[in-house]
Amino acid sequence: MMNLDDNIVRYLLSFSIKFPEKTAFTTLDSSLQEKDKISYSELASRVEQLSTRNNFKKHSQKCAVLFYNSVNDFVIAFLACQNLGIIPIPVPFSKGGKQFKRISNILLDSSATVIFCSIASEKYLKSSLLDYPDLTSVEVVSTNEFSDSAVLKLNLNTTDQKISFIQYTSGSTNSPKGVIVSKGNLIHNQGLLKEAFKCDEESRIFSWLPFHHDMGLVGNILHTIYTGCTCIVMSSFHFVQKPQSWLEAISKFNITHSGGPNFSYDMCVDKTSGEVFKRLDLSSWKVAYNGSEQVRSETLSRFSNHFKEAGFKEDAFYPCYGLAECTLLVSGAKEREKSLVVHIDKKSLSADQIVFAPQDVEDSYSIVSNGKIINGSTVKIIGLSGQRECHDLQQGEICIAGRSVTDGYWNKSTDHLFYEINNEKFLRSGDIGFFYQDQLFICGRYKEVLIIRGRNLYPYDIEEAISLNHEAINRNGVVAFSVNDNLIVIVEIKRTYLHKNIFNEVLVGVNSLVTSSFNIAPYDIVLTIESGIPRTTSGKLQRVKCQSDYNFQKIRILASKLHVLPDGLSLDEFSAYKEQVLLLKDSDSIKKYLLDLIHRKVGISSINHISENTELTGIGIDSIKLMEIINHINTDLDIHLDAPMIFEDNTIHAITGLIEGLLWLRNEPIAGKEVIL
């Protein structure tokens, strides 16, 4: 029987006694080599040590921001907070002025008294806080110094603190929203996860998802502690840099449970080379969950067919649905080998009643089931007008009740978040869906519905149709939104097609497709470079940010329906700067090469204002674009820049120094010498 008053630390204590030497977490480097691991007994010992430190435990009953790059350091601090009644707030690990602005807003919103971090980050955080007079009282405490001789003596502290942690959503930087997750919410949702995905002590989880995010934190890191299994962790930057490394790790470490958003599966199909494919054995993969964004039928079939010879079984796919406001998981239970897929009439998406259509007709649209609602949660579909409860195949807002449903946001009014239905409080998810055969189907986000000339259109089916219209279009690089009652479409063009004179062909094809299939002519179609659409750190498309960038003319335009513009920048043209770097290997030539690459690849028209201390993330280069630059440098210069190191310090000066050191290492005879970078 699940005890909802449990502390997650109780599970750590139990497993540290049951199998003390068993590995809890292993961290991999970019070459999939083990660089750090920690056993259950060592983890429990370090949680105990940290719990006894005066500069740590004095923050009991208060909020604390957790800023970590290492999963082991993060888990120790997080669990020590649970043990003492400190309310931890995980935040992304990313350095730079704009990145710290988000952290500063979280600090102000939460009234956090301290930032817990590693020793390596302490100086940066203290320096950054000096720019914010309202945060002068916030302490910075490093936590990753421990005694190896400590004896396991972890005891659960009793505390009245009911909050487990605060999960800030990836919404507005200036107005952050922190979801209050109670200890009861967390333990209840862990039980739902275990029921849905059947993870146990013998399982092996693999995660590349950021551990400050709900899926990475609750679904992977804390689920490891809850079930007593082993978790292998890789940086999300390594995944974005080399998607096939996810599959290589699953093969190498016999992973049973792993997953990610829909786009990540498409990236693996597109990026996995023949040589890598020959080495893969995915037969151990039992649960490949797919969530966090719209699950596409074509993605499941493409991935299953592509990796069938590598041992991947189609019935391993577990499409699921969840949200931070419900701790994490809501649906995902399976009663059949393959996920249920229905084919509906596209036109019915703009009405209340879903209508089936033959699969092979032009107006047919495929939707994948997100599984059954897991026992312990109750879901109702409530009509978008009149607050009536919908029947099967009637779409409306997905509303959820149960012990996993949180109380809302920290320091925010939450009355608008809930419906009272038969004396029970139901969370309004903001997602639109319907039931069929007891399965939940997701149509889209209520806020993202495009209302154009009185018609309701979902961006997802428009985007999917466009992504398949021309081979030059990046499959996960299409965004549709509305501006002043007009449809706007942004389309990424694959790098290999930039010089094939196909822009007009793509524009005409997309315009014709959307007009004929959806009976609405796009007002504008913008073609942009790969990674030209803004994304989150884990690679999800940011539709609202894209709409803003379009309005403020920040999209890099190759060509558009309104203004067909020639692209004056060549991505693959001969660069004299590259040859100078390979010849001279000095910092001056490297800096010129780097600035030239930024100019050519990202489209920043003026690079004269970029100094050595300029942060690339501060001039509009997001994590995905920066990763593309890193990959280009590695190919050009035949070196290996490690992505996480760049994200720790992404100034021109730092990157130049790293390149110079790697070039020297590659060419300098170093026999008998120790080299430290």
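A disulfide is counted here when a pair of cysteine sulfur atoms lies within 2.5 Å. In this predicted model, a search of the whole structure finds zero disulfides. C229 is in no disulfide, and the nearest cysteine sulfur, in C199, is 4.0 Å away.

**Cysteines**
- C229 has 0% relative accessibility and therefore counts as buried.
- For C390, the closest cysteine sulfur belongs to C399; at 9.4 Å the two sulfurs are too far apart for a bond.
- C390 is buried as well, with a relative accessible area of 9%.

**Helix 8**
- Helix 8 spans residues 214–227 and is mostly covered, with 14 of its 14 residues buried.

- An open sheet is formed by four strands in the order 4-3-5-6, with parallel pairing.
- Strand 4 (87–90) and strand 6 (139–142) are the edge strands, each pairing on one side only.
- On average, neighbouring strands of this sheet are turned by 30° against each other, direction ignored.
- Strand 3 (residues 63–67) and strand 4 run parallel and are joined by four bridges.
- V65 has I89, in strand 4, as its bridge partner.

**Helices across the sheet**
- Helix 4 (residues 71–84) lies across strand 3, strand 4 and strand 5 (114–117), and runs at about 150° to strand 4.
- Helix 5 (residues 97–110) also lies across strand 3, strand 4 and strand 5, and runs at about 165° to strand 3.

Conventions: Residues are numbered from 1 along each chain as its sequence is written. This is a predicted model: local features need pLDDT of at least 70, side-chain atom pairs count only at pLDDT 80 or more; totals for chains, interfaces and linings use all residues. Side-chain values use heavy atoms; hydrogens and water are left out. Buried means under 20% relative accessible area, exposed over 50%, partly exposed in between (1.4 Å probe, protein chains only). Helices (H or I, at least four residues) and strands (E, at least two) are DSSP runs, numbered from the N terminus. Two strands pair if DSSP finds at least two bridges between them. Axes are lines fitted to C-alpha atoms, for helices over the stretch in contact, and angles run from 0 to 180 degrees between N-to-C directions. Contact means heavy atoms within 4.5 Å.
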